[in-house]
Amino acid sequence: MVKPLSPPLKFLLRLAVSLGLLGETARFARLTLAPSLLVQLATVAALWAALHAVGAEFSVLYLLAAAAPVFFVAALPVSVGGFGTREAALAGYWLLAGLPAEMAVAGALLHGLATTLQGALWAPLFLFGRRG
């Protein structure tokens, strides 16, 4: 049985329909879904590689489950580029999963440094890339 929408959600839905926002949002979602999924899968692969480099093994399903809340924490506006908050969250998750503290912190820092370096290497593309 489908639960009816609450009055605030009904209002927002009617407002979005009347402003024509749903069509544009659906088009934008179709355009960004595949690249977003690719980035998330690449991030999980980087998490796996960082853990593998320090001698730890986790299932890909665990890494998929841990990635979303960790990167939500990284998006909090308390650091530059999420550095520090992301690594603390990763180390915390891996400690909770039973990884020794040294491996958890080393893997988290390795992942953080690798992603920061990756961002620095791609920065010129965004600064000097072709504008369309």
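Before looking at any helix pair, I noted the convention: a crossing is right-handed if the near helix is turned clockwise from the far one by less than a right angle, and left-handed if anticlockwise. I also kept in mind that this is a predicted model.

**Entry 1: overall fold.** I looked up the secondary structure and found 5 helices and 0 strands. Along the sequence the pattern reads α-α-α-α-α. The radius of gyration is 19 Å, well over the 14 Å that the globule rule gives for 132 residues, so the protein is more spread out than a compact globule. For the C-alpha atoms I noted a box of roughly 55 × 50 × 25 Å along the principal axes.

**Entry 2: α4 against α5.** I then applied the convention to this pair, and α4 passes α5 in a right-handed crossing. The axes of α4 (residues 85–96) and α5 come within 8 Å and cross at roughly 145 degrees. On the α4 side I listed Arg-86, Glu-87, Leu-90, Ala-91, Trp-94 and Leu-95, which meet α5 residues including Ala-104, Ala-108, His-111 and Thr-115. By class, this contact has 9 nonpolar, 5 polar and 2 charged residues.

**Entry 3: the largest pocket.** How much space lies in the largest pocket? I found about 300 Å³. Of the 13 lining residues, Val-39, Ala-42, Thr-43, Thr-115 and Gln-118 are the closest to its centre. The elements giving two or more residues to the lining are α2 (21–53), α3 (60–74) and α5 (101–128), and α2 gives the most, with 6 residues. I sorted the lining by class too: 7 nonpolar, 5 polar and 1 charged.

Technical notes: Residues are numbered from 1 along each chain as its sequence is written. This is a predicted model: local features need pLDDT of at least 70, side-chain atom pairs count only at pLDDT 80 or more; totals for chains, interfaces and linings use all residues. Side-chain values use heavy atoms; hydrogens and water are left out. On a 1 Å grid over the protein atoms alone, a cavity is a set of points where a 1.4 Å probe fits but cannot get out, and a pocket is an open set with protein on both sides within 12 Å along at least five of seven lines; lining residues have an atom within 4 Å of a point. Grid points are joined across faces, edges and corners, and a volume is the space filled by probe spheres set on the points. Helices (H or I, at least four residues) and strands (E, at least two) are DSSP runs, numbered from the N terminus. Ala, Val, Leu, Ile, Met, Phe, Trp, Tyr, Cys and Pro count as nonpolar, Asp, Glu, Lys and Arg as charged, and the others, Gly among them, as polar. Axes are lines fitted to C-alpha atoms, for helices over the stretch in contact, and angles run from 0 to 180 degrees between N-to-C directions. Contact means heavy atoms within 4.5 Å. The radius of gyration is taken over C-alpha atoms; the globule rule is 2.2 Å times the number of residues to the power 0.38.
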